[in-house]
Amino acid sequence: MKEKNSDDKQLIVKKIDNGIVIDHIASGSSFYVLKALNIDENFPHSVFVAMNVPSKKLGRKDVLKIRNLRKDDLNLDVLGLLISGSNLVCIENYIVEHKEKIKTPKKAYGIIKCPGLSCITNLRENVKTEFDIIESNGKKEDIKLRCVYCDKMFDIHENISLIV
């Protein structure tokens with residue numbers, strides 16, 4: 001990373017040849033995404049993480065650039081729970097091939113474990129988890145999940161380890 005020139009103070013980040021860019025992530029949420037995607041120091045490709053970047057739209061935002069990751073490699077429902085409203089950009093041969101806004105799913109099936117210890121999904125092997133998605137005050141950053149079996153309600157950001 002380098003500055004364009006001392007007058008502009010604009011950050012220049014190298015383009016990626018193939019991969020994804022996730023932009024307009026709420027500031028501080030990029031690490032939730034990396035965790036959900038199982039990206040750590042052993043990930044074999046380049047990952048650019050920009051946190052707390054100035055944004056006209058959000059005030060502050062995070063940005064991820066992940067080389068050689070494809071849309072097919074992502075679970076958009078999981079991303080929708082974590083960073084709904086962010087932009088997903090798919091790049092092939094340095095060209096933007098696809099853009100979309102990440103949306104909150106209506107329900108979550110089998111992508112998260114229930115934190116309720118006595119929930120049937122934790123007691124029986126063949127019961128797939130199912131959660132209703134609840135947005136408090138209509139704010140996507142206040143998303144809660146409610147298990148349809150045991151009624152346990154929780155915030156996904158406080159239970160990121162439950163993503164399967």
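Which residues of helix 2 are buried? I began my notebook with that one. The model is predicted, and I read every entry with that in mind.

**Entry 1: helix 2**

I listed the buried residues of helix 2: Val78, Leu79, Gly80, Leu81, Leu82 and Ile83. That is 6 of its 8 residues, so the helix is largely enclosed by the rest of the structure. I then looked up what these buried residues pack against. The partners are strand 3, helix 1, strand 8, strand 9 and strand 10.

**Entry 2: the overall layout**

I stepped back to the whole protein chain. I found 3 helices and 11 strands. Read from the N terminus, the order is β-β-β-α-β-β-α-β-β-β-α-β-β-β. The chain has 164 residues, and 40% of them count as buried. I took the contacts between residues at least 6 apart in sequence; 55% of these join residues at least 24 apart. The accessible surface of the chain is about 10,200 Å². Carbon and sulfur atoms hold 47% of that surface.

**Entry 3: the nonpolar cores**

Next I asked which residues have the most contacts inside the largest nonpolar core. They are Ile22, Leu81, Ile112 and Leu145, in a core of 36 residues. I noted the elements that each supply at least two residues of this core: strand 3 (19-26), helix 1 (30-36), strand 5 (59-67), helix 2 (76-83), strand 6 (87-92), strand 9 (130-135) and strand 10 (143-147). Helix 2 gives the most, with 5 residues. I also logged a second, separate core of 7 residues. Val21, Phe48, Ala50 and Val63 are among its members.

**Entry 4: isoleucine 22**

Ile22 stands opposite Leu64 in strand 5. Strand 3 and strand 5 run antiparallel and are joined by 6 bridges.

**Entry 5: strands 4 and 5**

I turned to the pairing of strand 4 with strand 5. They too run antiparallel, and 7 bridges join them. The two strands form a hairpin with 3 residues between them. Here Val49 stands opposite Leu64 in strand 5. Ser55 is buried because its relative accessible area is 10%, below the 20% cut-off.

**Entry 6: a nonpolar patch on the surface**

I looked for nonpolar side chains at the surface. Phe31, Val47, Val49 and Met51 form a patch there, with about 310 Å² of accessible area together. Strand 4 (residues 47-55) gives the most to this patch, with 3 residues. I placed Phe31 in helix 1.

The order is 8-9-10-11, and the pairing is antiparallel. Which strands are at the edges? They are strand 8 (107-109) and strand 11 (153-154), each pairing on one side only. Strand 10 and strand 11 pair over 2 bridges. Leu145 was already in my notes as one of the residues with the most contacts inside the largest core.

**Entry 7: threonine 121**

I located Thr121 in helix 3 (residues 120-123). Is Thr121 buried or exposed? It is buried, with a relative accessible area of 11%. Leaving aside neighbours within four places in sequence, I found Thr121 in contact with Cys114, Val127, Lys128, Thr129 and Tyr149.

**Entry 8: the loop between strands 6 and 7**

I ended with backbone angles. Asn93 has a positive phi of about 50° although it is not a glycine. Asn93 lies in the loop between strand 6 and strand 7 (95-101). Its relative accessible area is 57%, so Asn93 is exposed. Tyr94 is found in the loop between strand 6 and strand 7. Tyr94 has a positive phi of about 70°, and it is not a glycine either.

Methods: Residues are numbered from 1 along each chain as its sequence is written. This is a predicted model: local features need pLDDT of at least 70, side-chain atom pairs count only at pLDDT 80 or more; totals for chains, interfaces and linings use all residues. Side-chain values use heavy atoms; hydrogens and water are left out. A nonpolar core is a set of buried Ala, Val, Leu, Ile, Met, Phe, Trp, Tyr and Cys residues joined through side-chain atoms within 4.5 Å. Buried means under 20% relative accessible area, exposed over 50%, partly exposed in between (1.4 Å probe, protein chains only). Helices (H or I, at least four residues) and strands (E, at least two) are DSSP runs, numbered from the N terminus. Patches are made of residues with over 30% relative accessible area and no salt bridge: like charges are joined within 9 Å, nonpolar side chains (Val, Leu, Ile, Met, Phe, Trp, Tyr) within 5 Å. Accessible areas come from the Shrake-Rupley method with a 1.4 Å probe; for residues, only the protein chains shown count as cover. A salt bridge is a side-chain nitrogen of Lys or Arg within 4 Å of a carboxyl oxygen of Asp or Glu. Two strands pair if DSSP finds at least two bridges between them. Contact means heavy atoms within 4.5 Å.
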